[in-house]
Amino acid sequence: MSKPDLSHLRPDVRAMQAYHVQAVPPGLIKLDAMENPFVLSQDLQAELGKRLQAVEINRYPGPRTEELQKALAEFIDLPREHALMLGNGSDELIGLLTLAMARPGAKVLSPEPAFVMYKNFALQMGLEFVGVSLKDDFSLDLVGMKEAIELHRPSVVYLAYPNNPSANAWSESDIAEVIEWVSAYKGVVVMDEAYQPFAAKTWLTHMRENPEQNAQVILMRTLSKFGLAGVRIGYLVAQSAWVEELNKLRPPYNVSVLNAECALFALEHQEVYKAQAQTIMQEREKLFHDLAAIEGLTPYPSSANMMLVRVGAQGKGGDELHAQTDAWFKSLQAHGILVKNVSKMHPLLAGCLRLTVGAPKENQAMVQAFSQIAQSM
Ligand SMILES: Cc1ncc(COP(=O)(O)O)c(C=O)c1O
């Protein structure tokens, strides 16, 4: 059989790596992807099953996705003169926004380390990506941000609030400054609130109270961390003029009827998900305290459902630090715990693992594993 000739493909696409999803060896406690660890009660599962059974999967999505849009608008108390657009996860929305902004010479900027898809989508669509390193404590380097924004005038600046993987939330006055600088030349600031269910604050409050100062802001949310990662529903909120334009690029029927029905069901039972988020936030504080008590570990404060933990001793060279972090990662796996090794993702993360805050028993098992490994090292 002859092999296909790929020579008409873009050379930069051929040089790219696909997004890597870490394999999950059977039996491990999965704490690597910021998923909600709780499953629905049997009663709710049965009720959802009935709802899904009745969905007309022979028809294209229609009224139910519109109803989901309305239900989400109510859920977030959509500010006046703003509109909401649904995506197949917020990943799709990041892609659509990048596509919409891909004028010749356009650039995308975000602090780094950050969610990798900001950069990946920029490169996929031919935009230049500018990363501005965070400070050592993972706070925004405001001076560096201002310099880079003035120099590059990026069309889009992403601020994940809280950030992935550092899990911290930027100061409100820093955010306001970034928005002012970018608005001055009519760029867009994306407030990516993927981790909002676990955060004390939301930028939506400012968008509602000060629409003029936030006219260049697009807020993104997802139901993934809320508890529906498998369902793939993201949404963005902005003043209607933005949504009207972005909607032109949205593939028809981008949200499946099954996804819409699951999300409507979850919103009807939002008290269940809110209680789960409360438990996760309590567990987060306990986890921080327990990990900080283990010699050699430095957990970082979190406003999300994840936590960065420095396991590598500072002062070591890069390779040694990565090897030490890898040894922790593998030992955790041997103890039945799967986390994410982010040591090589960015120089600031050398020596770090990223954990998801799980259910109480999972966190207990994780702390126990860390403690046993620390004793054996
Ligand atoms: C900051 C941030 N934004 C967006 C996403 C994508 O979320 P979704 O599952 O809705 O595509 C993630 C996923 O981890 C994330 O960390």
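Domain bounds here come from an automatic or database domain assignment. Keep that in mind, as this is a predicted model.

So, the layout. The assignment gives the chain two domains. Domain 1 is written in two pieces, 21-42 and 271-376. Domain 2 covers 55-268. Taken over C-alpha atoms, their centres are 26 Å apart.

Now the interface. How many residues of each domain are in contact? On the domain 1 side, 27; on the domain 2 side, 28. Together the two domains bury about 2100 Å². Carbon and sulfur atoms account for 68% of that.

Next, charges and polar groups. Between domain 1 and domain 2, the rule finds zero salt bridges. Polar contacts do turn up: four residue pairs, with both partners at pLDDT 80 or more.

Let me stay on the domain 1 side. Helix 12 gives the most, with eight residues.

And the make-up of that side? Nonpolar residues number 15.

To recap. Domain 1 and domain 2 bury about 2100 Å² between them. Four residue pairs make polar contacts across the interface, and the salt bridge count is zero. On the domain 1 side, helix 12 gives the most residues.

Notes. Residues numbered from 1 in each chain as written. Predicted model: local features only at pLDDT ≥ 70, side-chain atom pairs only at ≥ 80, totals over all residues. Heavy atoms only, no water. Contact = heavy atoms within 4.5 Å. Buried area = accessible area lost by both parts, 1.4 Å probe. Salt bridge = Lys/Arg side-chain N within 4 Å of Asp/Glu carboxyl O. Polar contact = N/O pair within 3.5 Å; in protein donor to acceptor, adjacent residues only side chain to side chain. Helix = DSSP H or I, 4+ residues; strand = E, 2+ residues; numbered from the N terminus. Nonpolar A, V, L, I, M, F, W, Y, C, P; charged D, E, K, R; others polar.
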